[in-house]
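Colleague: I'm new to this one, could you walk me through it?
Modeller: Gladly; here it is.

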Amino acid sequence: MSDVLVFVEFSDGAATKAGLQALGAGSTLAKALGGKAIALVIGNNAGELGKHGADRVLVAGGDAVGSYSPDGFARIVAEHAKSTGAAAVLASATPMGKDFFARAAAIAKCGLAADCVELKVEGGKPRAVRPVFAGKALATVEAPGTLWATLRPNVFAEVSGGSDAAPETVPVTFGPGDLKAVVKEIVAGVKGKLDVAEAEIVVSGGRGLKDPAGEGKQNWANLEALAETLGAAIGASRAVVDAGWRGHGEQVGQTGKTVSPKLYIACGISGAIQHLAGMSGSKVIVAINKDDNAPIFKVADYGIVGTVEDVVPALTAALKETLGS
Ligand SMILES: Cc1cc2nc3c(=O)[nH]c(=O)nc-3n(C[C@H](O)[C@H](O)[C@H](O)COP(=O)(O)OP(=O)(O)OC[C@H]3O[C@@H](n4cnc5c(N)ncnc54)[C@H](O)[C@@H]3O)c2cc1C
């Protein structure tokens, strides 16, 4: 038991960034265990996962899994966890991974370490590290048998190179009629908009930016300009989303999305524990707040005490000059 099975998520015919990161993490873990990284793709196209660290690529396709089914995907992953005898079974903690991976682990009669930020080998066994108590502490998880884990996006690196592994088609042992639920339709969000959970840079706005339908109109336009200059996605605190100022898809935090970008700029956000739970894993945190006692400064690498009205446009202008954009 030293191989690692990784479910690699695909979207629009290509592996997602989070899926390749999970494969990278699986490849590194498999090497440390002295085993192979086995990518599992559900669909009809496996891409070239050997170039992203897979030693073997299993492809489960056909009518039964023509569209996403939490039930069907869980059964396939559980079956291949068993057939490969993997020491660890991984997926990314994306909405899809969160939706079906716990079901897959349950079918395999295993527990699941969710939203992990580190994988390691100790005493020859795989272990996963995950934040607990809204990110206040880290727990190291070891499983009695196979370790099942979902991995937080943007924490693990993709790997390049590896094998020329040709896809191996594996049978799906059930038909469409056996599934309890299938997804009938996926409605795309605003086209071209960068998802806050996938972005490398996130610029987030809080209640300090004020109502965009009133006195905050210019502040939000300034925030959009800063995000555009940096090629960043916009995030928001729950206060902003609850007020209906921004959509829930942008909410960062315990009841929103977990982000781990290279750069997180929090503007007019106090830094409540529930917000920190979703962004404290960011590599570099910049906070702009007029209150020098705001809790956000405790987690910030760089803090700017000032109003968003003054600081955000000045920062955008300086960045435009530096970046020549
Ligand atoms: C169960 C539960 C789950 C929750 N989940 C989430 C979650 O997922 N995400 C989340 O964000 N919150 C969540 N919350 C809410 C959280 O507790 C806070 O209420 C929320 O994060 C506050 O948002 P905020 O920082 O935008 O607003 P506030 O706390 O009101 O902070 C506004 C900040 O803006 C600053 N400010 C004001 N004017 C200016 C200005 N002109 N220039 C610069 N700074 C200014 C103020 O100094 C203040 O620090 C949750 C709460 C609960 C109970």
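Colleague: How do the residues of the shell around the ligand divide?
Modeller: They divide into seven nonpolar, 15 polar and five charged, where Ala, Val, Leu, Ile, Met, Phe, Trp, Tyr, Cys and Pro count as nonpolar, Asp, Glu, Lys and Arg as charged, and the others, Gly among them, as polar. This is a predicted model, in which local features need pLDDT of at least 70 and side-chain atom pairs count only at pLDDT 80 or more, while totals for chains, interfaces and linings use all residues. Residues are numbered from 1 along each chain as its sequence is written.
Colleague: Which residues are the closest to the ligand?
Modeller: Of the 27 residues that surround the ligand, the closest are Gly206, Gly208, Ser237, Arg238 and Gly253, with a residue taken as near if its C-beta atom, placed from the backbone, lies within 6 Å of the molecule.
Colleague: And how is the chain divided?
Modeller: There is a domain 1 (4-178) and a domain 2 (201-323), with bounds from an automatic or database domain assignment. Their centres, taken over C-alpha atoms, are separated by 32 Å.
Colleague: How many residues does the contact take from each?
Modeller: Domain 1 gives eight residues and domain 2 gives 10 residues, counting two residues as in contact if their C-beta atoms, placed from the backbone, lie within 7 Å. On the side of domain 1 that touches domain 2, the residues are four nonpolar, two polar and two charged.
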